[in-house]
Amino acid sequence: MSAVFNSTGHRLEVPEIVSSDGIYLTDSDGKRYMDLESGVWCTSVGHRNRRVNDAIRSQMEVLSHAGFCYSHPIVEEAAASVLSVCGLEDGSVVFLCSGSEGIDYARQVAKTITKRRLTLTLHDAYLGSFSSVIDRSSDWFIIDWENCPSCPEGQRRADCAHLGDIPDEVAEFMFEPGSSSGQVRFAPVPLIQEIVGLVRGNGGKIIVNEVTTGVGRTGSWFGFDHYRISPDLIVIGKGIGNGYPVSAVVMNGTTTQELAATNFKYMQSHQNDPLGAAVVKEVIAIIRDEGLIERASVNGVLFLEALQGLAVYPAVTAVRGRGMMFAIDLRDAAASRDVFRALLQRGFIVCLRGATLRIDPPLMIDRDQFGSFIDALDEILSVL
Ligand SMILES: Cc1ncc(COP(=O)(O)O)c(C=O)c1O
């Protein structure tokens, strides 16, 4: 029996992983796997990335941790990089340790500023694993958009039951732009724009949860770019650390000033740690230097087309995607489990969620590599 407790609810499906390289993982038998899950959306620029590892090594030689009473140039530099990719140069950033922590922090900020308690979110929003977001029985207003994916452009409040019901006293709208609890579904643009207008008009804050959709995953720096909205706070995690546990909460200028005028306190020992900041700065530099946003956008269209080509097989019921995040729905959970196992046997790791297979490769995956995955999937589906 393992001495490590796995509290994810997922059985360990893959043999023990002992090493990694770019988009590949190797198990203790020497078998290599293409990691099309990026270690649960985290390794945006690939496993054992040389530049990230060098940045960690050099920062460790200088200072890993100083405590939250002190600053360090690397933290300022990383914050400036984050603000620049967010287009919020007059704002501020706090570096934390995980997406869950970032979500909790951002909600505390919104509630402190607005002096309200109510969180508005969509029914399928995943907001991390902190208890503050698991129990949604009070102080939450949930919009179920299940039946309105084809909300027409021009939809307005008067025509929409969801919008008419939104209370005035919302502290924050927590918007997850496109992951939908890992299902790779995208709430309609008009619905989101209207909610943003309403909540902001009533003095509430707009928080985007970019933990999965940020740093290039959708073929743009952020998932909210596809919605033409301007958030007050942005929570970034996973891919910004390329596997190192660091997250960032970005606040626009107004929110920064409003928060500074309160007596808000957040006493967590590992905020604004130099080591995490060094990772963030380097990951952003790599994405910029290697043109990975554009690459994710251009390849995303081609990869989606290739996946859609597999919809000819009867077992496939839907294919979705945006940038480097894709989902394939199969006829049932048994079929998707069979495909998942067959892929694993051929050396491909994807994410299994019920009847859905999710594919989120590192941003630098190339066309031949993805092509080899399509060939394997084609072969498996053809005999399912
Ligand atoms: C959309 C979304 N938000 C927040 C989180 C929480 O991030 P973390 O696992 O880093 O705490 C996750 C994690 O899967 C996520 O998918």
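Is Ala277 buried or exposed, and how many other C-beta atoms lie within 10 Å? Ala277 is buried, with 27 other C-beta atoms inside that distance. The model shown in these views is predicted.

**Figure 1**
Leaving aside residues up to four places away in sequence, Ala277 touches Ile74, Val75, Ala78, Phe95 and Asn272. Asn263 is 14 residues from Ala277 along the chain, and the two C-alpha atoms are separated by 25 Å.

**Figure 1. The whole chain.**
The chain contains 12 helices and 15 strands. A compact globule of 384 residues would have a radius of gyration near 21 Å, and the chain agrees with this, at 21 Å. The C-alpha trace spans about 60 × 60 × 45 Å along its principal axes. Of the 384 residues, 46% count as buried. Among contacts between residues at least 6 apart in sequence, 73% join residues at least 24 apart.

**Figure 2. Domain 1 and domain 2.**
The domain assignment divides the chain into domain 1, residues 50-289, and domain 2, residues 291-382. Their C-alpha centres lie 27 Å apart. Domain 1 gives 13 residues to the contact and domain 2 gives 18 residues. On the side of domain 1 that touches domain 2, 4 residues are nonpolar, 7 are polar and 2 are charged.

**Figure 3. Helix α10 and its bend at Gly300.**
Helix α10 comprises the 17 residues 292-308. How far apart are the end C-alpha atoms of α10? They are 23 Å apart, which agrees with the 24 Å that 17 residues should span at 1.5 Å a residue. The helix α10 bends by about 30 degrees at Gly300. Gly300 is also one of the buried residues of α10, which are Leu292, Ile293, Ala296, Asn299, Gly300, Phe303 and Leu307. An α-helix has 3.6 residues a turn, so residues three or four places apart point the same way.

**Figure 4. Leu344 in helix α11.**
Leu344 belongs to helix α11, residues 333-345. Leu344 has 17 other C-beta atoms within 10 Å and is therefore partly exposed. Which residues does Leu344 touch, not counting those up to four places away in sequence? They are Glu13, Val14 and Ile349. Val14 is 330 residues from Leu344 in sequence, yet the two are 7.7 Å apart in space, C-alpha to C-alpha.

Trp41 is in helix α1, residues 38-41. Although Trp41 is not a glycine, its phi is positive, at about 65 degrees. Trp41 counts as buried, with 25 C-beta neighbours inside 10 Å. Thr43 is in the loop between α1 and α2 (50-62). Thr43 is buried as well, with 27 other C-beta atoms within 10 Å. Not counting residues up to four places away in sequence, Thr43 touches Ser38, Asn242, Gly243 and Pro362. Ser38 is part of helix α1. Arg228 lies 185 residues from Thr43 in sequence and 27 Å from it in space, C-alpha to C-alpha.

**Figure 5. Lys115 in the loop between α4 and β5.**
The loop that holds Lys115 runs between α4 (99-114) and β5 (118-122). Lys115 has a positive phi of about 55 degrees and is not a glycine. Is Lys115 buried or exposed? Lys115 counts as exposed, because 10 C-beta neighbours lie inside 10 Å and the limit for exposed is 12 or fewer.

**Figure 6. Ala171 in strand β7.**
Ala171 is located in strand β7, residues 170-175. With 24 C-beta neighbours inside 10 Å, Ala171 counts as buried. Not counting residues up to four places away in sequence, Ala171 touches Ala110, Lys111, Thr114, Arg116, Arg117, Leu118, Thr119, Gly204 and Lys205. Gln193 is 22 residues from Ala171 along the chain, and their C-alpha atoms are separated by 17 Å.

Notes. Residues are numbered from 1 along each chain as its sequence is written. This is a predicted model: local features need pLDDT of at least 70, side-chain atom pairs count only at pLDDT 80 or more; totals for chains, interfaces and linings use all residues. Helices (H or I, at least four residues) and strands (E, at least two) are DSSP runs, numbered from the N terminus. The expected span of a helix is 1.5 Å times one less than its number of residues. The bend at a residue is the angle between axes fitted to the seven residues ending there and the seven starting there. A residue is buried if 20 or more other C-beta atoms lie within 10 Å of its own, exposed if 12 or fewer, and partly exposed in between; C-beta atoms are placed from the backbone. Domain bounds come from an automatic or database domain assignment. Two residues are in contact if their C-beta atoms, placed from the backbone, lie within 7 Å. Ala, Val, Leu, Ile, Met, Phe, Trp, Tyr, Cys and Pro count as nonpolar, Asp, Glu, Lys and Arg as charged, and the others, Gly among them, as polar. The radius of gyration is taken over C-alpha atoms; the globule rule is 2.2 Å times the number of residues to the power 0.38.
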